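Work through the exercises below with the model open. Try each task before you read its solution.

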Amino acid sequence: MKILHLDTNHPLLINQLNDLGFTNDEDYTASKDAVEAKIAGYDGIVIRSRFTIDKVFLNAATNLKFIARVGAGLENIDINYAQQKGIALIAAPEGNRNAVAEHALGMLLSLFNKLNKANYEVKQGLWKREANRGVELDGKTVGIIGYGNIGKTFAKKLRGFDIEVLCHDILPNIGDANAKQVSLQELQEKADVLSLHTPQTLETLGMINTPFINAFKKPFWFINTARGKSVVTDDLVNALKSGKILGAGLDVLEYEKSSFEDMFTSEMPEAFQYLIKVENVLLTPHVAGWTIESNEKLAQTIVDKIKSAYI
């Protein structure tokens, strides 16, 4: 089988596939049109987020047996059409679940203790103790929406705190010893913290909006390490201004491009400009799952799944 690699990944991915007898070609620079022109010669694709795999591309891929995405989600692939054509879809949510869970916890603790703000002030020669008084996580209720690989791992990380952890998911009966599964209404009634761990689907696009936010009984802290387009940023900013959202840790943003181009090359939306300036918002550049360890784990997960299906 011939595999075309469209993004760079950990070297073990190609090395191990070579050892298993696959033929591996690399093309990290050609245009999408150029790749389409030759894709009929390949049985498999390995991609991260370089471009969208749409119907036109899939129609050109007449011999394609699988698409492997080195990441947690498949939103840059026309899933339904690929499945209609009998193409297997492989993702690797197991590979970065620990990295994302740790990042979410780090964001939460940093917000509660004003670590980013305090660090900046001290380095500017300011010693403001009372203005940087923190909040403790113990005694709070943390709500997790999306209780899959990453949501479950985040809940596991929270076990050392004296807190209540609630989860909500479209699938039934997936709560466990680390989180009690509840209705969305109960989560919104009790949560002091909301951490989002949902994939990007039609149902999750824009789900964090003003009506959703206002349904929470208490002001709450918000962490998003999932998908930026699940949040209506204008509504998030309004909630931050009103105090309904006490602070936000955002690793992903509504304005991201699918291929993660520089966010600062064009005029920035007004809501994004607000997020950059305020002290109770912590921003990172979609790196929650981007650790040294996850780079290797993601590649190994893809190798293992290809091996299991085709060897």
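**Exercise 1: a strand residue**

Thr141 lies in strand β6 (residues 141-145); strands are DSSP runs of E with at least two residues, helices are runs of H or I with at least four, and both are numbered from the N terminus. The model is predicted: local features need pLDDT of at least 70, side-chain atom pairs count only at pLDDT 80 or more, and totals for chains, interfaces and linings use all residues. Residues are numbered from 1 along each chain as its sequence is written, and side-chain values use heavy atoms, with hydrogens and water left out.

Task: decide whether Thr141 counts as buried or exposed, then find its partners.

Solution. 
- Step 1. Thr141 counts as buried because its relative accessibility is 9%. The cut-offs are under 20% for buried, over 50% for exposed and partly exposed in between, with a 1.4 Å probe and protein chains only.
- Step 2. List contacts (heavy atoms within 4.5 Å). Neighbours within four places in sequence aside, Thr141 contacts Glu164, Leu166, Lys190, Ala191, Asp192 and Val193.
- Step 3. Look for a polar contact (a pair of N or O atoms within 3.5 Å; within protein, one able to donate a hydrogen and the other to accept it, and residues adjacent in sequence counting only if both atoms are side-chain atoms). The side chains of Thr141 and Glu164 make one, at 3.3 Å.

**Exercise 2: a helix residue**

Solution. 
- Step 1. Leu108 is buried, because its relative accessibility is 1%.
- Step 2. Leu108 and Leu282 are 174 residues apart in sequence, yet 9.3 Å apart in space, C-alpha to C-alpha.

**Exercise 3: an open pocket**

Task: which elements each supply at least two residues of the lining of the second largest pocket?

Solution. 
- Step 1. On a 1 Å grid over the protein atoms alone, a pocket is an open set of points with protein on both sides within 12 Å along at least five of seven lines, and lining residues have an atom within 4 Å of a point.
- Step 2. The second largest pocket has a volume of about 220 Å³.
- Step 3. The elements are α6 (115-123), α11 (270-277) and β12 (281-283). α6 gives the most, with 4 residues.
- Step 4. Leu282 is one of the lining residues, as are Tyr120 and Lys277.

How values were computed. On a 1 Å grid over the protein atoms alone, a cavity is a set of points where a 1.4 Å probe fits but cannot get out, and a pocket is an open set with protein on both sides within 12 Å along at least five of seven lines; lining residues have an atom within 4 Å of a point. Grid points are joined across faces, edges and corners, and a volume is the space filled by probe spheres set on the points.
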